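Colleague: Before we talk, please put the model on the screen. I would like to go through the terms one by one.

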Amino acid sequence: MAIEPLSEETVRLLAAGEVIDSLAAVVRELVDNSLDAGADRIRVNLWPDQWRIQVQDNGSGIPEADLIWLAHSHTTSKLRNVRDLQALHTLGFRGEGLHSIAVVSDLEVHTADSDSSRRARYDHEGNLNLSESAAAAPGTVITVHELFARQPVRRRFLADRRQQIRQVTQLLQRYALGFPGNLFELAVDGRVTQKLWPAPGLRERVLQLLPQHDEHDLREATSPDQQVRLVLGLPDRCSRSRSDWVYLFINRRFIRHLDLESAIQKGFERTLRRGRYPVCIVHLTLPSQVVDWNRHPAKLEVQLAQTDLVAAQIVATIGNALREFAPRPAPDLLRLAEANAGYNAETPSGGLLKALSQMQNTYILAEYPGGLCLVEQHVAHERILFEALEASWQLVPIDPPIVLELSDSEADHLQLQGLELEAFGPRTWLVRRIPELLLGREDCQAGLKEMASYPDLQDMRVALACRTAIRNGTPLDPARMQELIDQWQRTRNPHTCPHGRPIYMPLTDGELARFFRRRWHICGS
Ligand code: ADP
Ligand code: MG
């Protein structure tokens, strides 16, 4: 489609375009355009001290006849009328990006399509003031010179050089996760600082960006209708100390959406240690009619029809990804084995575990078709009980009641969750209904007191599960061990306990074979 001015009626309906206020804002407009032009190789060059930015792409190029409109206000090839807003497939659509850049810089374009190859320059109103034939590789190179030269105040108040570079690096990381098959390269002052080669899939892209992890640390899942596709870090192996690795894309555009981000957090609820945050990249593929992109200047926030439905799908897809039991090779043994043998990454297959014996009255040794596994009995049981409490919060009457010393707020906490309390004196209460798990336990009183300290039901369930789970040091007979292993394998998240501690340590067949050098033919075994 050729570049044309939008009608006044359409312009009136568009949210104001974003102000160009940083190097990253320029890069975003330019990379959006490159991706819209179908480019799959994009290089960003920054010369921060010269206030110069350049984006090179191998996209469709710009036809010569379009150059005149390129940097005018509200001129675009991506939208014709209001109706098109409902069927957007491009990252840009307001026709304002290059115009707002031209206003604050000297804009230069080199471009080549199948018919011509040109160089063009623009003045600060976005008028074409030079267009000449010039050699150029297929695609487009846009150079922004002298950014903010005429806005000295903006230059002065801009974040420092390091922060500007960091913002651009993070931005490219976002694009790289949105478009895993593309090549993205960043060079600062001519030196390449980041090069992300085309990856075969999202999982491989994540590993390029988190090289300290390997494929066993991640899990991929897709919802049955293919609308939700995600890659996540298994909570016991791959998490963050800050909430900086939750990425949400709709039709490959990075967005922020409070409700959907909470859905992601909810999917990981009680699987991570306190103070740890998930690694999760969610791609939503939605019909463009259900998304309103025209909400926010940077198109970062969108309005969605049926948010609840999408949120529920995200939670379910994360749940499916976490549920699967697939042990990974234990890293240290692998390293030992690798020292002499070639390392072939293999994914051990899961299967039903058979309890063999108990070690130190603490670990259950279990066998599965792909190897062995040590399961810590307390945390495994804690996970089982916690999920059972989540599924049903059973309260039962007791007679005689339990006498408990509680502050008013502690009493409130218990009453809020349905425990029946009766005032018996200053700070003294009679408890007449308690969680079934505490029934008949000697430490019932202590358990209730502990629960009362939490205002939140989830925290209460965790405390209760932890208190009532089989203690380490308790001997178990074979039937009880097997029962525990079976129940644990059926949990929603068999990887970590509700505090985020790992539950099992696997040892796969492949590792054992490598460790014992079973491929060496020495004694004919
Ligand atoms: P928008 O992206 O909203 O259309 P812009 O001002 O960013 O507005 O770009 C105006 C037009 O310039 C685009 O619609 C597109 O046709 C053309 N264009 C900009 N950058 C490129 C590029 N790298 N390759 C091909 N065409 C481009
Ligand atoms: Mg644009």
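Colleague: Which residues does aspartate 32 touch, not counting residues up to four places away in sequence?

Modeller: Aspartate 32 touches Leu91 and Tyr175 under that exclusion, where contact means heavy atoms within 4.5 Å. This is a predicted model, in which local features need pLDDT of at least 70 and side-chain atom pairs count only at pLDDT 80 or more, while totals for chains, interfaces and linings use all residues. Residues are numbered from 1 along each chain as its sequence is written, chains are lettered from A and ligands numbered from 1 in the order written, and side-chain values use heavy atoms, without hydrogens and water.

Colleague: Why is aspartate 32 called buried?

Modeller: Its relative accessibility is 9%, and buried means under 20% relative accessible area, computed with a 1.4 Å probe on protein chains only. Aspartate 32 therefore counts as buried.

Colleague: What makes the approach of asparagine 33 to ligand 1 a polar contact?

Modeller: A polar side-chain atom of asparagine 33 lies 2.8 Å from an oxygen atom of ligand 1. The term asks for a pair of N or O atoms within 3.5 Å, so the pair qualifies.

Colleague: Which distances apply to threonine 76 and arginine 94?

Modeller: For threonine 76, a polar side-chain atom is 2.5 Å from an oxygen atom of ligand 1. For arginine 94, a polar backbone atom is 3.1 Å from a ligand 1 oxygen atom.

Colleague: Which residues come nearest to ligand 1?

Modeller: Asn33, Thr76, Ser77, Lys78 and Gly95, of the 19 residues around ligand 1; a residue counts if one of its heavy atoms lies within 4 Å.

Technical notes: Buried means under 20% relative accessible area, exposed over 50%, partly exposed in between (1.4 Å probe, protein chains only). A polar contact is a pair of N or O atoms within 3.5 Å; within protein, one must be able to donate a hydrogen and the other to accept it, and residues adjacent in sequence count only if both atoms are side-chain atoms.
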